[in-house]
Amino acid sequence: MEIILSVNAGSSSVKISVFKAPEDKTTTTPTQLAEAVISGLTAPPASLKYTRGTHRTNSQDLPSITSQEAAFHHILTHLTTDAALPELARTKDIRYVCHRVVHGGNYPRSQVIDSSTLHHIEALSDLAPLHNAPALGIVKAAAEMLPQATNVAFFDTSFHSSIPEHISTYPIDQRVAKKNGLRKYGFHGISYEFITRAVSTYLSIPRTSLNIIALHLGSGASATCIKSGRSHDTSMGLTPLSGLPGATRSGDIDASLPFHFTHDALRPSRSASSSLHLSRAEHILNSDSGWRSLTGTTDFGVISARGREEDELAFRLFVDRIVGFVGSYYVKLGGKVDALVFAGGIGERGERVRRDVVGMVGCLGFGIDEGRNMGVGGVDGVVVDVGGDAGMGRVLVVRTDEQAEMARGVVEGIGRVNEGGRK
Ligand SMILES: Nc1ncnc2c1ncn2[C@@H]1O[C@H](COP(=O)(O)OP(=O)(O)O)[C@@H](O)[C@H]1O
Ligand SMILES: CC(=O)OP(=O)(O)O
Ligand SMILES: [Mg+2]
């Protein structure tokens, strides 16, 4: 039996799922055995949610877990000591460990991690300051703790390699742009890959003719214009900072703003290190902005429910920025949109965000069924239709699963991975 561990290190959480590879060669869908999620890393104390089949537990606060790497260690111990999960009792049965690596530069697909890939990912750390270094910490810990396993990196950027050049290019000196790799890369691609497949199956539309506007709204939030099943444009850019605001990120601002915010914008940040070159401006815009700066909390669930003046400002600002991208992408798709899709922690659980966004894009023909919108939590399945009357644009909620997407990728590529090549 081949066991796959899928590790998704987000900016505020670490999610790890355990899968069994299918023995039947006609499917690439692995079976999930368990899932452990530590969330709240930006709003301590962190907490653990654990699911094994129908068994679910929520742990008490975990004040000592403040980093992604600490969360990885905690989850691995939890999984390997769960007597009801005998598949993990012998860690040498773990054959593959998939890692979500946010910035993959020009890698168009997943890579088996060796010293050269590791070096490449390390070099990209400055372009995903909240993500790449923590993911690498986990890769190294996994290599030490599970030496028999093959580590495979899946990149958020790969899905967006189809973005046309005139969309991914920044209007700056192209010699500098090419030399330094300054272009739009886009992120959350593993999630968008999952969403594209799930919606294609749900609507019975072949992937190659599927047009959707997908919103992945979590601690980091992005919008993507998916044309004929491929990324055509996305709101994040060179780094995951641009586009929509997030838990601690500003999203789009006037590029001159940092120089008016602080006179030492270009000085190294206190969180910079020999392996992470970070200016004060980058630290402020990545870690001390967004919901944290506007409301004092990074939890959008709290902001949506609390209703203080500053919460309402943050909420309305988010809806405003989201509908701006929906309008733009609607035009880029020539009005031929098969569905508007909500995903990510806020997209899947934020009834109010969905109601207000869909309300504001009603002029584009989208509508919501309030009963179904409120009832999403009680409906099983990966895709839930919350749209209004027939004849209106479809509005869907997709329970995205980056860990499942990576595990599926490993199963698809097992032959090639075993040969030591690229997936
Ligand atoms: N009921 C809710 N309404 C709106 N947002 C919610 C709700 N529950 C959780 N969230 C938000 O979802 C976000 C986490 O999303 P998730 O996609 O899991 O994060 P990550 O980016 O770390 O992967 C947090 O901001 C959390 O507050
Ligand atoms: C790319 C990104 O912002 O990821 P996350 O939302 O998981 O922090
Ligand atoms: Mg995430």
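N8 touches K15, R100, E402 and Q403, leaving out residues up to four places away in sequence; touching, or being in contact, here means that two C-beta atoms, placed from the backbone, lie within 7 Å. N8 sits in strand β1, strands being DSSP runs of E with at least two residues and helices runs of H or I with at least four, numbered from the N terminus. N8 is buried, because 24 other C-beta atoms lie within 10 Å. The cut-offs behind that word are 20 or more other C-beta atoms within 10 Å of a residue's own for buried, 12 or fewer for exposed, and partly exposed in between, with C-beta atoms placed from the backbone.

A word on the model itself: it is predicted, so local features need pLDDT of at least 70 and side-chain atom pairs count only at pLDDT 80 or more, while totals for chains, interfaces and linings use all residues. Residues are numbered from 1 along each chain as its sequence is written, and chains are lettered from A and ligands numbered from 1 in the order in which they are written.

E402 belongs to helix α15 (residues 402–418) and is buried, with 25 other C-beta atoms within 10 Å. Its contacts, neighbours within four places in sequence aside, are N8, R100, I190, S191 and F194.

R100 turns up in both contact lists, that of N8 and that of E402. R100 lies in strand β6 (residues 94–101) and counts as buried because 26 other C-beta atoms fall within 10 Å. Beyond residues up to four places away in sequence, R100 touches V7, N8, A9, A135, F154, D156, I190, E402 and M406.

On to the overall layout. The chain is assigned domain 1 (3–163) and domain 2 (204–398), with bounds that come from an automatic or database domain assignment. The C-alpha centres of domain 1 and domain 2 lie 24 Å apart. Their contact takes 19 residues from domain 1 and 22 residues from domain 2. On the domain 1 side, the residues that touch domain 2 comprise 9 nonpolar, 8 polar and 2 charged. In this scheme Ala, Val, Leu, Ile, Met, Phe, Trp, Tyr, Cys and Pro are nonpolar, Asp, Glu, Lys and Arg are charged, and the others, Gly among them, are polar.

Both ligands draw on both domains. For ligand 1, the shell takes at least three residues from each of domain 1 (3–163) and domain 2 (204–398). Of the 17 residues around ligand 1, G10, G218, S219, G301 and G345 come nearest, a residue being near a molecule if its C-beta atom, placed from the backbone, lies within 6 Å of it. The elements giving two or more residues to this shell are α10 (300–306) and α12 (344–349), and the largest share, 4 residues, comes from α12. By class, the shell around ligand 1 holds 3 nonpolar, 12 polar and 2 charged residues. Around ligand 2 are G10, S11, V102, D156, F187, H188, G218, S219, G220 and P240, which divide into 3 nonpolar, 6 polar and 1 charged. Here too, domain 1 and domain 2 each supply at least three residues.

Helix α1 (residues 68–80) has 13 residues and reaches 18 Å from its first C-alpha to its last, close to the expected 18 Å, which is 1.5 Å times one less than its number of residues. Its buried residues are Q68, A71, F72, H74, I75, L76 and L79, and they pack against β1 (3–9), β2 (13–20), β3 (31–39) and α3 (132–145).

Most residues other than glycine have a negative phi, and most peptide bonds are trans. S204, in the loop between α6 (189–203) and β9 (212–217), has a positive phi near 50 degrees and counts as exposed, with 6 C-beta neighbours inside 10 Å. S228, in the loop between β10 (221–227) and β11 (230–234), has a positive phi of about 50 degrees and is partly exposed, with 13 other C-beta atoms within 10 Å. A cis peptide bond, with omega about 0 degrees, joins P44 and P45, and P45 is in the loop between β3 and β4 (47–52).
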